[in-house]
Amino acid sequence: MVARSNWLLYCCIALFGLLLEGPVSVLADQSSGPKKPKKLKIETTYEPAACHKKNAKKSRKGDELSVIYSGAFYTDPDTVFDTNIGKPEPLKFTLGVGKVMPGWEEGLSKMCLGERRKLSIPGDLTFNGEAAIYEIELKSLKRKAPVASSPGKSEL
């Protein structure tokens, strides 16, 4: 009887060890956290029907944009560290002149009015070097007239 109970005990220990090995390796893989993006990822989360019209106005370099946004570090997407939601005015800036981080410059190009995007931005395209996730809605778009160059001056 003792031999049989020892055999049962060894089998249970072996089975428990096998079961434990799988979840432990899965937990070890998750402990390193989400892998930071190596390149800009642009996801359109909402696109108004007007965006699909032939002559839809889309953002480009030189346009004045007004946006509502929220941002979180890529490693902690549930904690918002930067937002203008709830503020009286959207953020206004000119696209393509370096007033916003490079990830925004690229990620907000060719965006139409009312469109929403989620940008997963690698650290080399942010101002602080940390990968971030931004959710952005384009509230207004003003097309600016191209700046005329002065005669005799080089564009270089």
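This report describes the aromatic rings of a predicted model and the contacts between them.

A pair of aromatic rings is described by the distance of the centres and the angle of the planes. Across the whole structure, a search finds 6 aromatic pairs. Two of these pairs are set out below.

| Aromatic pair | Arrangement | Centre to centre | Angle between the planes |
|---|---|---|---|
| Phe73 and Phe81 | stacked | 4.3 Å | 15° |
| Phe93 and Trp104 | tilted | 6.0 Å | 50° |

The rings of Phe73 and Phe81 are stacked, with 15° between their planes. Phe73 has a relative accessibility of 28% and therefore counts as partly exposed. Phe81 is likewise partly exposed, because its relative accessible area is 36%.

The second pair, Phe93 with Trp104, is tilted, with 50° between the planes. Phe93 belongs to strand β4, which covers residues 91–94, whereas Trp104 belongs to helix α2, which covers residues 102–107; the pair therefore ties together parts that are 11 residues apart in sequence. Phe93 counts as buried because its relative accessibility is 6%. Trp104 is buried as well, since its relative accessible area is 4%.

The residues of both pairs belong to one aromatic cluster, which is formed by Tyr69, Phe73, Phe81, Phe93, Trp104 and Tyr134. The cluster thus includes the partly exposed Phe73 and the buried Trp104.

A further contact involves a charge and a ring. The charged end of Arg116 is placed over the ring of Tyr46, at 4.7 Å from the centre of that ring.

Notes:
Residues are numbered from 1 along each chain as its sequence is written. This is a predicted model: local features need pLDDT of at least 70, side-chain atom pairs count only at pLDDT 80 or more; totals for chains, interfaces and linings use all residues. Side-chain values use heavy atoms; hydrogens and water are left out. Rings of Phe, Tyr and Trp (its six-membered ring) pair if their centres lie within 6.5 Å; planes under 30 degrees apart count as stacked, over 60 as edge-to-face and the rest as tilted. Buried means under 20% relative accessible area, exposed over 50%, partly exposed in between (1.4 Å probe, protein chains only). Helices (H or I, at least four residues) and strands (E, at least two) are DSSP runs, numbered from the N terminus. A charge sits over a ring if NZ of Lys or CZ of Arg is within 6 Å of the ring centre and within 35 degrees of the ring normal.
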